[in-house]
Structure formats: C-alpha cells, structure tokens
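Please open the model in your viewer and keep the selection panel at hand. The stops below say what to select next and what is there.

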Amino acid sequence: MQPTRGLTRGAPRATVYQMAYFPPEQYEAAWTQGLLNATSHRDHGDYRRETQQTMQAMAERAAAPIQIVRLDVPDLLAYAQRTGTDPARRPTRLAYAGWLHKTGHTGDLWPPERNSPCWCGSAAKYKKCCGNPAFLAIEPPDPASLVLRIELNGVTPPVWRRVAIPSNTTLDLVHRMIQDAMGWSDEHMYVFETDEHTIIDPRSDSGEAPADGERLVSIATEAGATFTYVYDFGDEWTHTVTVEEIRPGGPHNTFTVLDGGGACPPEDIGGAAAYQHLLAAFADSSRPDHDDAVELLGEDFDPTRHHGATAG
Ligand SMILES: [Zn+2]
C-alpha cells in the first residue's frame, strides 16, 4: 500500500468542502461562456436540483461541512485570465472559490435551516425550494449514454470490458460500476486521472477533488477521449478507459456490460507484472511454483475467460 504519484503530498485534509454554484442570474452567461458541462440539466431548475442532490450525496460521506460559493461569471473569467487557467475546468472554479474564501467572501454553509432562505438565491424558504421533496422527485432529462472501453494495462491475455453508462453518473458510482464489470472486489482506493484532472476516492485525505462531486461527463467529453482509472495504490492496477461512442439520451439508459474478454486477476498479488509471473507458473507444470499458482488461481482458472461473459 505504498502511496504513489504524489497522492499524499499537497493539501491537508479539507476543513470545509466548497460547492461552486452559478446563481440564476449567472446561469445563461455561464452557458454562453462554455463554463457548464452538458450534464443532465436543461435549465436552472435542473441545475440546482442536481447541485442539491450532489451536496446531499457529499454530506453522506464527507467529514467536513459543505459551503456554497456563488460564482460570478465576469469575475471568474477575470480570475482565470489572471492565473492563466481554463475557466471551464472544475479545478479552476474550486481554486477561484478558494480565492474568494481567502479574500473574505465566505459562502453560506449548507444546508440552511428549513425556514431560512434557500441556498440557491431564490427568496423562498429552503423547505419550499431546493429542500422540497417534491422538487427533488422531478425526473431529470435522459442523459446521453457513453460507450466506454476499459482495458487493464500491462497484462496478457488482454483484460477488457465494453460498457454503456449514463453520462451524468458520478465518478464514485462509475468506480463501483468498473469494479463490477472487471470483477474486482472494491477493497482499495481508486483515482481517475486525465491530463488536467486528478479525481480521487472520497475516502482519501489527499486534498484532490473527491469523486462523488464530479460526473463522468466532466472527464469523458467527446468520442475518442481517454482517461485513466487506477485501482489500489499498492498493486496499482491501471486501466485505460476510452470513450468509443456517445449515444443520445433514452429512458432506458442504464449501466450495461456490452462485451469483454479476459479474467480479472486476483486482488493483492502485487500488480500486473506479478500477475504475468503467476500465469506463467500456472501454465507450466514443470515449474517449482506451479502448485502454488494453481492453488491461488484455482484449477479451472482460464485467463481468457471474461467472468461475466455469456455462453458463445
Ligand atoms: Zn432553492
């Protein structure tokens, strides 16, 4: 369990989680400036419902209070220009929120009291606005479905899965879906990485962006895009994920394993190189470590067989 790639250096444990939010009067400008990803929201109502639901999910797991930081589009653009950062990126919005905080513009803690004005900037009471169960029960529009190819790096025969997954899925849930599709047992922490983002298991105290506040669309923006999913910072199982296709939204878009090949390696064996040694020992009965490999993998183990594969 050696921490790797600097995951433990950097910021200390967060004392407050900041939720960046565009108030109603900033929403149109945010769209026009390309500051919002095409997630599931069609209008500001969908957007604040999604924000409320994200904060509820964060509150269930977060060890720190949540603070709403209201974003101002011209001010955010000016900040991005000053710092040479991309205003469309969530890390920039979070850095901007942090800068606002440091300069004395503290946001409100979430959730408000039931009878207090809602966090969203409407004049209504929280219980009648974003805290209203009827408001939260409104079905969001159908998200697009992303077809992803997930391939485990450094192993032969190849271990890969092709899955369809709704674009608005939070990355914490994407992690659990990848675990299911590959055949892992979700015993270790994980991290998603792109050229610009590091988004990590919310149980980590690395100070990187937590995966339960971030949705798949923010790292899988177009067909051909790739990102990396690393599972277990000890064995460091590294998966390359490619967006193969973006399908239009539909009412039946759910997580589906479409195809795949190769058996998932056992957990805690030391990673891809160790797995290759294990397979070599398994295949060669003249080796002194053959019996141990058979015991570990099981006599019927077939490295080419996808555990969830249907016959034929
Ligand atoms: Zn509200």
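Which residues have the most contacts inside the largest nonpolar core? Select Leu148, Phe192, Leu216 and Trp237, which hold that place in a core of 42 residues; a nonpolar core is here a set of buried Ala, Val, Leu, Ile, Met, Phe, Trp, Tyr and Cys residues joined through side-chain atoms within 4.5 Å, and buried means under 20% relative accessible area with a 1.4 Å probe, protein chains only. Strands E4 (145-152), E5 (160-166), E6 (190-193), E9 (226-231) and E10 (237-247), together with helices H6 (171-182), H7 (272-283) and H8 (290-297), each supply at least two residues of this core. Helices (H or I, at least four residues) and strands (E, at least two) are DSSP runs numbered from the N terminus.

This is a predicted model, in which local features need pLDDT of at least 70 and side-chain atom pairs count only at pLDDT 80 or more, whereas totals for chains, interfaces and linings use all residues. Residues are numbered from 1 along each chain as its sequence is written, and side-chain values use heavy atoms, with hydrogens and water left out.

Stay with Phe192 and display its surroundings: leaving aside residues up to four places away in sequence, Phe192 touches, among others, Leu171, Val174, Ile178, Ile219 and Phe227, where contact means heavy atoms within 4.5 Å. Then select Phe22, Tyr27, Tyr96 and Phe135, which are included in a second, separate core of 32 residues.

Next, go to the zinc ion, which is coordinated by the SG atoms of Cys118, Cys120, Cys129 and Cys130 at 2.2 to 2.4 Å; donors are N, O and S atoms within 2.8 Å of the metal (3.2 Å for Na, K and Ca), and water is not among the atoms, so sites may look incomplete. Along the chain the donors follow the spacing C-x1-C-x8-C-C, and both Cys129 and Cys130 are buried.

For the last stop, select Asn168, Thr169, Thr170, Leu173 and Arg215, which lie nearest the centre of the second largest pocket among its 28 lining residues. On a 1 Å grid over the protein atoms alone, a pocket is an open set of points where a 1.4 Å probe fits, with protein on both sides within 12 Å along at least five of seven lines, and lining residues have an atom within 4 Å of a point. Helix H2 (44-61) and H6 are the elements that give two or more residues to this lining, and the largest share, 8 residues, comes from H2.

Definitions and conventions: Buried < 20%, exposed > 50% of the residue type's maximum accessible area, 1.4 Å probe, protein only.
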